[in-house]
Amino acid sequence: MINIYATLEDYSKHVSEITEDQKRDLEMYLELASIDINRATLTRIEKKGFYNLTEKQRYLITKATCFQAQYIKEEGIYDSDDLASYSIGGDLTVNKKDAQTTYSKLKLSRQAYEYLRQSGLTSRII
């Protein structure tokens, strides 16, 4: 079972109002966003338990989840293809630049990453 860190009410409060026909899609985006958020925190949320975190951490995670859901809604579900470059007929070469920022490497929105960073759960230092 996937723990979802934000509700439709949270999304409506932090990002934008939701119409009735958007609810089903947004529930899916919130679930996908929760997976992204947990991955970005190196599963620390799951390990510690969402309700064992401080109130501030829970608030920041909820906001990050809402903004990540908005990002998924706008950008689509990302493709995990790590293709570095390709060439078409020798005339056209396309190189994919390495992600320069932590949030783009994690495939997170900048806003979501900033809220997560403030929670203290994204540190890569052991």
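A residue is termed buried when its relative accessible area is under 20%, exposed when it is over 50%, and partly exposed in between (1.4 Å probe, protein chains only). The model is predicted, so local features need pLDDT of at least 70 and side-chain atom pairs count only at pLDDT 80 or more, while totals for chains, interfaces and linings use all residues. Residues are numbered from 1 along each chain as its sequence is written, and side-chain values use heavy atoms, with hydrogens and water left out.

Rings of Phe, Tyr and Trp (its six-membered ring) pair if their centres lie within 6.5 Å; planes under 30 degrees apart are stacked, over 60 edge-to-face, and the rest tilted. The count by this rule is three aromatic pairs. Two of them, including the stacked pair of Tyr5 and Phe50, are tabulated below.

| Pair | Centre distance | Plane angle | Class |
|---|---|---|---|
| Tyr5 and Phe50 | 5.4 Å | 25° | stacked |
| Phe50 and Tyr51 | 5.1 Å | 90° | edge-to-face |

Tyr5 lies in the segment before helix 1 (8–14), and Phe50 in the loop between helix 3 (44–48) and helix 4 (55–75); the pair thus links parts of the chain 45 residues apart. Helices here are DSSP runs (H or I, at least four residues), numbered from the N terminus. Tyr5 and Phe50 are both buried, Phe50 at 15% relative accessibility. Tyr51, by contrast, is exposed, with a relative accessible area of 68%. Tyr5, Phe50 and Tyr51 form one aromatic cluster.

The segment before helix 1 also holds Ile4, which is partly exposed at 41% relative accessibility.

Notes:
Helix = DSSP H or I, 4+ residues; strand = E, 2+ residues; numbered from the N terminus.
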